[in-house]
Structure formats: structure tokens, C-alpha cells
Amino acid sequence: MADKSTFTADEWKTLLESVMAAGLAVTAAEPHGLWGLLQESFASGKMLAKAKMDTGSNPLVKAVVDDFATGEGRSTSRDGLQEQLSGKKPAELKDACIQILGKVDGILGAKAPGDAAAFKTWLRQISQSVAEAATEGGFLGIGGVVVSDAEKATLAEISSALKLPG
């Protein structure tokens, strides 16, 4: 069972960043208005709360969620992402987030292979939840699609980066 002590400070930072990167990649794939952004942000937060409350959650997922719930954990994640994403356009943001998720695959494979599948599946669930949070297209949410083609393509890229079946 892996926890924070299993990883170097940089590896742990990458795991923390991956929580935000999983949702941000989808948001950047199909940027839209403030309401959609709020719905997608809420979806990410809801997945964190669900993992925190679920007694059956993977211990590594719980450890990351618990650290992310602290001011220090959020700052580490936020500051690391700002450093990597500053000045990037939406397509570049998406690609950078997917690169972070690829790093997570490598870190977990080397340091926590027993927790890797559960953690990576959880990250993909965050991405899926964000993709389904706001209707794309249509007018005032009517007549649009739940997950746009750009979001579907990004979900496939996320699955590939995490080496999960599509």
C-alpha cells in the first residue's frame, strides 16, 4: 500500500497536480462560457469529495485527496500547474495536462504498481465526470450533446496517457 512516504517530493507533487490536470485537460479541449466552467469545476470537486467519503476508496487515492484537502497540498498542486501552464493556449494546456498524466503512469508503475490501476482509473473518472458536467452546443443547454467530439478525443488521449483501455 503506497502513501506519501513512498514517493519523492517531486513525484508526490505530480500526483497532486494530476488531480487538477485530469479535469483541466477536458475543460481546455472544449472551452466555453463561465457557466460551463463552473459546472466542470464542480464536477471535479464532487469526485474529490466522493473519494474522501468512500470507505472503499483506494488508499493512495485517499492519501492524495487528504493531502489535496490541506492548504499546503492545494498550493503545491496549484503552484506546480501554474508554473507548467502559464501563458499556454487551450490546446497547449490540454497537451501539458495529458503529459502530466503520462508522468503519473510512469511514477505509479515504478513506485506503486499495486495501486496504479485504481489511481489511474480514478483520474479517468474525474475526466469523464468533467466531460459530462456541461452540455456542449445547443442554446441554453437545450439541444446540445453531453460530451462533445473534442472531449471524447481528449478522453481517449487521457486513457492512452494513463495506459488504460479506451
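Here are a few notes on the pockets in this structure.

1. First, the ground rules. This is a predicted model, in which local features need pLDDT of at least 70 and side-chain atom pairs count only at pLDDT 80 or more, while totals for chains, interfaces and linings use all residues. Residues are numbered from 1 along each chain as its sequence is written, and side-chain values use heavy atoms, with hydrogens and water left out.

2. Who lines the largest pocket? There are 17 lining residues, with Val19, Met20, Leu24, Ser41 and Ser44 nearest the centre; lining means having an atom within 4 Å of a point. Helix 2 (34–53) is among the elements giving at least two residues, and helix 2 gives the most, six. Helices here are DSSP runs of H or I, at least four residues, numbered from the N terminus.

3. The largest pocket's lining has nine nonpolar, six polar and two charged residues. Ala, Val, Leu, Ile, Met, Phe, Trp, Tyr, Cys and Pro count as nonpolar, Asp, Glu, Lys and Arg as charged, and the others, Gly among them, as polar.

4. Now the second largest pocket, with about 220 Å³ of space. Its lining includes Met47, Asp54 and Trp122. Helix 6 supplies the largest share, four residues. By class, that lining has five nonpolar, five polar and two charged residues.

Note on methods. 1 Å grid on protein atoms, 1.4 Å probe; cavity = no way out; pocket = protein on both sides within 12 Å on 5 of 7 lines; lining within 4 Å. Points joined across faces, edges and corners; volume = space filled by probe spheres on them.
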